Amino acid sequence: MKGIVHPMTDNQKKLVAKEIIITGFGGQGIVLAGKILGQAASLGDHLESTLIQSYGPESRGGACSAQVIISSETIHYPYVRKPDILACMSQGGLDKFVGVLEDDGFLLIDQDLVSPAGISRDYYAIPSTRLAEELGRKMMANIIMIGFITAVTGVVTMESARDTVEKSVPKGTEKMNLAAFQKGYEYGLAVLKGRRKKAEEKAGKVA
Amino acid sequence: MEPAVLTGEHYMTGDEACAEGALAAGCRFFGGYPITPATEIAETMAARLPKVGGTFIQMEDEIAAMAAVVGASCGGVKSMTATSGPGFSLMMENLGLGICLETPCVVVNVQRAGPSTGLPTMAAQGDMMQARWGSHGHYEIIALSPSSAQEAFYQTILAFNLAEKYRTPVLIMTDEVVGHMSERVVIPEAKAIKIVERTRPRGRKDRYNPFEPGEFGVPPMASAGEGYNVHMTGLTHDERGYPDMSVECQEQMVNRLVGKIRNNLDDIIRTESHRLEDAEVVVVSYGVSTRTAYAAVEEARELGIKAGMLKLVTVWPFPERQIRELAGRVKGFVTVEINLGQIHLEVSRCAAGLAPALLVGHCGGTLISPEAVIEAVRRIV
């Protein structure tokens, strides 16, 4: 979009909207993850955002998803129909939503919970559950995933995401959650770096 | 003590915004029973009320919750409860008591799909006629319907203001999506929020008649325990509040209860319009479905169809005159609501003989898609 000086058309403005789905089970902190992304975009990056939570009547273990829309425009219809970003922390979530993900969208998975076998498109994987266990709390896998989403997709700024994590977690756990966020963020940057290197090598070979 | 008005920018759910709106309006009593998807209102009130000098009581059920709310208001405290379908059904009896005793209070129904237990975590707008006629006897009711967290905040304040001004229960008919959706909510400074308080009696305490009409047909209200003569009964009563089983008294009491709303419609009814000036088709909606309607009107305009939207901020009393006026100049109406035709019946009634009215609705559990609305709009043009 750089270099365009004409005002954007209505259709172009719509393109500014980013739709995100995070999926998992009740109890993993999926809704909190969605809330942190939405709040980071809204209060941190001063964009419009909505978060819809969807879950069943059971308090733990049922399928759960968070749908976030981030836009430079007022958001009217708050349901996500064709996500640009799909982050899966459960196999069921991947199976349900991968079909509607935009062709050029980002697919991110927790490779400890979702099997990459059978995924026929580009994806970004992180062992967020294992990394969270290494940091001392399996519960923080969602925060690691937020760091990973932030680094890989750039849908919210790192500063806003980090500040929102700090404000959103229970008092006394800020330090370890920020460490979890950092872990996911750095893992994401390393994955991107690895991809760039690979692409350069490939380009070099071709040249 | 904490501040009652959380001035600033927040990212919160419609339920939380509703609770904050209540506190900003001066609500200091909540009696309730938890139910999905309204529990977060009770949770917020339970956490916040004791810190602003208020009282939270979890009652044994919704029948008792509504009784507690009516009682607290008679004691002079702005009071509220929040529930969803099954609890709303249980509240109907004492809602009628609140109407008969002319007790200002606010009842929030975060609608989920019914009938019965239905879909507890999924949205619907199936209780709109229950809101109108759910309690027995003939009465008028005021019901609002917010479509966003920000509106949940402001409409809750408005609900309290209307309740206080007209000495009557006011309903907020929200739904699971608005209740559980997080959005930016801007809360202004306390002094920028307009608050209405019930008119208090003046003069000798032993000469006070609790049901003697004052301005707008609304009797000034004394709190129980202040020394004024206060007698309250759900039986048909005279201006002193004493039972009077005569046809004449019934006529007088019910006509005044109904009249204080019907005679003040211009003050009570609130609608918002979007692109109605040159509209050929009017999409009528309220609550969360206005978000679908808005998106559909924008898309229809891009297709060259002259669509506009009428948003009902107050669903009850119904804006009959406005619908009739529009019916005289447009090609038709499309009502968008998550049920199989409730407010649609009202639109049809008011447009009858002048313009056709279509319904876009379904049984609940999800929002209505803008495409379904556009399809109906096309059928009219």
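I began with strand β4 (residues 79–83) of chain B: 5 of its 5 residues are buried, so the strand is largely enclosed by the rest of the structure. Buried here means that 20 or more other C-beta atoms lie within 10 Å of a residue's own; exposed means 12 or fewer, partly exposed is in between, and C-beta atoms are placed from the backbone. Helices (H or I, at least four residues) and strands (E, at least two) are DSSP runs, numbered from the N terminus.

A note to myself on the source: this is a predicted model, where local features need pLDDT of at least 70, side-chain atom pairs count only at pLDDT 80 or more, and totals for chains, interfaces and linings use all residues. Residues are numbered from 1 along each chain as its sequence is written, and chains are lettered from A and ligands numbered from 1 in the order in which they are written.

**Around β4**

In a regular strand the side chains alternate between the two faces of the sheet. I checked both faces of β4(B) and found them covered: B:Ser79, B:Thr81 and B:Thr83 are buried on one side, B:Met80 and B:Ala82 on the other.

Next I looked up the partners; two strands pair if DSSP finds at least two bridges between them. Strand β2 (residues 29–32) of chain B runs parallel to β4(B), joined by 2 bridges, and B:Phe29 has B:Ser79 as its bridge partner. Strand β5 (residues 105–113) of chain B also pairs with β4(B) in the parallel sense, over 4 bridges. There I found B:Thr83 opposite B:Asn109.

I then followed the chain from β4(B) through helix α4 (residues 85–100) to β5(B), and this is a right-handed β-α-β unit. Right-handed means that, with the strands pointing away from the viewer, the path from the first strand over the helix to the second runs clockwise.

B:Glu102 sits in the loop between α4 and β5 of chain B. Its phi is near 55°, a positive value in a residue other than glycine. Is B:Glu102 buried or exposed? I found B:Glu102 buried, with 24 other C-beta atoms within 10 Å.

B:Ser116 counts as exposed, with 7 C-beta neighbours inside 10 Å.

**Helix α6**

I tested the length of helix α6 (residues 149–166) of chain B. At 1.5 Å a residue (the expected span is 1.5 Å times one less than the number of residues), its 18 residues should span 26 Å, and the end C-alpha atoms are 25 Å apart, which agrees. In α6(B), 16 of the 18 residues are buried, so the helix is largely enclosed by the rest of the structure. Just after α6(B), B:Arg167 takes a positive phi of about 50°.

**Where the chains meet**

How many residues does each chain give to the contact between A and B? I noted 17 residues from chain A and 17 residues from chain B, where contact means that C-beta atoms, placed from the backbone, lie within 7 Å. On the side of chain A that touches chain B, α2 (30–44) and β2 (48–55) of chain A are the elements that give two or more residues.

Notes:
Contact = placed C-beta atoms within 7 Å.
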